[in-house]
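Good morning, and thank you for coming. Please look at the structure on the screen, and I will then take you through its salt bridges and its ligand site.

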Amino acid sequence: MAGDPTETDTPVSFLKEVRASGNGMLIRISLIAAIGGLLFGYDTGVISGALLYIKGDLHAGTFQQQAIVSVLLLGAMVGALASGYLADRISRRWTKVISGAVYVIGALGCAFSVNAEMLIGFRFLLGLSVGTASFVSPLYISEVAPPRVRGGLVSFNQLAITSGILIAYIVDFLFRDAPGNWRWMLGIAALPGAALAVGMLTVPHTPRWLMLTGSQDRARGVLERLRSGDDDADIEGEITEIDEANSKESESRAADLLRPRLRPLLWIGLALAVFQQLVGVNTVIYYAPTILAQTGLTNSSSIAQTVFVGITNVVFTIVAVLLLDRVGRRRLLLGGVAALTVALAVLGVYFWSSAIQDHAPYVALVGLLVYIAGFAVGLGPVFWLMISEIYPMGVRSKAMSVATIANWGANFIVAGTFLSLTSVITRQGTFFLYTALAVVAFAVFAYRVPETRGRSLEQIQAEVLGEDDRPRAA
Ligand code: BGC
């Protein structure tokens with residue numbers, strides 16, 4: 001019964017299913033692993049507010065300010081690259097312990113920086129940790145979760161990202177008048193960093209990684225603990241499935257991603273990664289107050305309205321957690337992208353028409369809220385979820401790391417070009433450009449992205465590759 005995804009037919013049933021499919025352990029370890037997402041989101045949200053004070057305090061010029069913001073994205077790309085190997089070599093678990101520890105050093109280093117150069121250096125270090133955590137968190141959770149609740153559990157990570165962004169907005173607001181405000185804003189993140197490092201010491205390795213290293217008995221032991229209390233669990237079935245998939249794929253190397261059999265999967269991951277950023281989500285996250293201020297609001301009202309954007313992002317991510325295993329990934333992805341495309345067009349029309357700006361200024365806020373809701377319910381969680389599901393075991397961590405690098409790279413380009421774009425092709429032109437990119441994204445996703453709801457990672461692997469095909473000759 002519980003193996004049938006159609007049984008998960010009400011939103012509440014995600015919670016029931018999670019309870020039925022294991023014990024408290026599954027939720028506890030998924031939440032600990034998702035702290036990685038919290039660090040990711042906190043950094044994304046905190047810097048715009050902190051920068052207002054840093055620039056005066058550390059006498060940072062325009063170039064240094066841009067470097068303080070964007071060097072984290074570069075660090076994240078390097079972190080994602082290195083941890084594709086680390087996650088296989090030293091385990092998903094130890095990679096995350098290290099990522100938490102590096103984050104603590106990075107956050108404290110930022111808080112105690114005495115000049116802009118030092119801050120830039122420690123922001124790079126933070127980036128290494130954030131880039132690592134950004135994909136090893138969903139990877140870890142996908143490898144411990146039973147199929148019927150995997151979508152919701154893996155998306156705890158996206159929920160943590162959006163909560164981190166919202167917490168950062170609130171921390172920026174609370175510390176705005178405190179002495180040494182920006183140091184607190186940046187330093188306080190050492191706490192969740194430490195929670196990640198210490199928390200990961202208390203969780204097991206994933207059964208799939210243990211099997212990859214030949215430790216079948218330990219993998220069985222972990223599965224028994226993870227599935228205890230689940231009457232429908234079939235431990236031996238899971239072990240056999242992982243074993244068969246591993247024996248086909250264990251020799252795979254990163255280069256196999258370029259071979260004809262795996263290349264379509266590489267493209268799907270890259271398309272999700274790049275379009276997730278090309279629809280402009282981080283211009284909304286980083287520049288929401290600027291966009292709202294351009295509508296004639298005062299600075300403090302635009303900051304207050306930005307908090308609504310943060311709350312909407314969290315609320316609709318919760319909707320996604322509850323629905324991903326019920327209605328499936330594809331429907332949420334396509335529905336969400338359709339909604340955000342319409343919202344982008346509305347924002348374009350808003351900036352184009354002075355009549356709307358004069359008579360209906362609230363249209364900008366409504367457009368931003370619909371946009372972020374559409375993103376949060378689909379493309380936000382589905383990108384991270386899908387890249388943890390579609391790749392065969394032997395290349396999974398490397399393929400995820402490639403998709404993650406592409407995601408941070410596209411983030412870097414979009415964030416770095418938004419303000420120049422608005423001055424060259426106007427605000428409306430920029431939003432119409434994002435609208436056009438979103439239309440292309442919709443078409444690509446509709447045509448290429450498979451449904452993965454309710455299937456085991458091994459079944460997905462067999463389905464997308466064809467049972468007998470291997471990525472390279474045995
Ligand atoms: C994206 C981030 C974005 C966040 C917004 C994530 O899935 O990867 O770039 O800032 O969603 O909620």
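The count comes to 12 salt bridges, a salt bridge being a side-chain nitrogen of Lys or Arg within 4 Å of a carboxyl oxygen of Asp or Glu. One of them joins Glu458 and Arg208, whose closest N and O atoms are 2.9 Å apart. This pair links distant parts of the chain, 250 residues apart: Glu458 lies in helix α21 (residues 457-465) and Arg208 in helix α10 (residues 207-212). Helices here are DSSP runs of H or I with at least four residues, numbered from the N terminus.

A word on the source: this is a predicted model, in which local features need pLDDT of at least 70 and side-chain atom pairs count only at pLDDT 80 or more, while totals for chains, interfaces and linings use all residues. Residues are numbered from 1 along each chain as its sequence is written, and side-chain values use heavy atoms, with hydrogens and water left out.

I turn now to the ligand. How many residues surround the ligand? There are 14, with Gln158, Gln276, Gln277, Asn282 and Trp384 the closest; a residue counts if one of its heavy atoms lies within 4 Å. Helix α7 (156-174) gives the largest share of this shell, 3 residues.

The distance is 2.8 Å for Gln276, 2.6 Å for Asn282 and 3.0 Å for Asn313. Taken alone the ligand exposes 320 Å², and the protein buries 100% of that, with areas from the Shrake-Rupley method and a 1.4 Å probe.

Technical notes. A polar contact is a pair of N or O atoms within 3.5 Å; within protein, one must be able to donate a hydrogen and the other to accept it, and residues adjacent in sequence count only if both atoms are side-chain atoms. Helices (H or I, at least four residues) and strands (E, at least two) are DSSP runs, numbered from the N terminus.
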